[in-house]
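Trainee: I'd like to learn how to read a model like this one. Can you take me through a few features?

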Amino acid sequence: MDHESSHSSGAAFVLQRTMKDYAASFYKSKAWQACRAGYMEKVSGLCEDCLAKGIYTPAEIVHHVVEITPENINDPAVTLNWSNLRAVCRECHAAAHGARIRRYKVDELGRVTAR
Ligand SMILES: [Zn+2]
Ligand SMILES: [Zn+2]
């Protein structure tokens, strides 16, 4: 009996698991939740990139301009600093990452996945 053969490879699933382990607890932290909520309020929940073009789009993601790394994950000047944050919609978030990381694409939920 070979029940396993009907299952497709787990590779695609693994690629979708993009939140890095070192960052997972940060994104769940009260400090980040409060920071993110406060920032969203500051920008009135609007995408800053779209707003710069005069378009009103609800922001869905608070993006870190200086990307969080294992080295700076405990540095509030990076992780919780409003001047390092940008509220963006999915499309602008994809563009923000696409400009820097060409090898990756960003799906409709704003997750960065390998091409
Ligand atoms: Zn936008
Ligand atoms: Zn981002």
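Trainee: Let's start with Ser44: is Ser44 buried or exposed?

Mentor: The idea is to count neighbours: a residue is buried if 20 or more other C-beta atoms lie within 10 Å of its own, exposed if 12 or fewer, and partly exposed in between, with C-beta atoms placed from the backbone. Ser44 is exposed, because 11 other C-beta atoms lie within 10 Å. Bear in mind that this is a predicted model, where local features need pLDDT of at least 70, side-chain atom pairs count only at pLDDT 80 or more, and totals for chains, interfaces and linings use all residues. Residues are numbered from 1 along each chain as its sequence is written, while chains are lettered from A and ligands numbered from 1 in the order in which they are written.

Trainee: Where does Ser44 sit, and what is its phi?

Mentor: Most residues other than glycine have a negative phi. Ser44 has a positive one, near 60°. You'll find Ser44 in the loop between α3 (30–42) and α4 (48–52); helices (H or I, at least four residues) and strands (E, at least two) are DSSP runs, numbered from the N terminus.

Trainee: How many helices and strands are there?

Mentor: There are 6 helices and 4 strands, in the order α-α-α-α-β-α-β-α-β-β.

Trainee: Which way do the residues of β2 point?

Mentor: In a regular strand the side chains alternate between the two faces of the sheet. In β2 (residues 85–88), Leu85 and Ala87 point one way, Arg86 and Val88 the other, and all are buried.

Trainee: In what sense do β1 and β2 pair?

Mentor: Strands pair if DSSP finds at least two bridges between them. β1 and β2 have 4 bridges and run antiparallel; His64 has Leu85 of β2 as its bridge partner.

Trainee: What is the mean pLDDT?

Mentor: pLDDT is the predictor's confidence in each residue, from 0 to 100. The mean is 83, and 71% of residues reach 70 or more. Over residues 4–16 the pLDDT is below 50, and that stretch has 4 contacts beyond near neighbours in sequence.

Key:
Contact = placed C-beta atoms within 7 Å.
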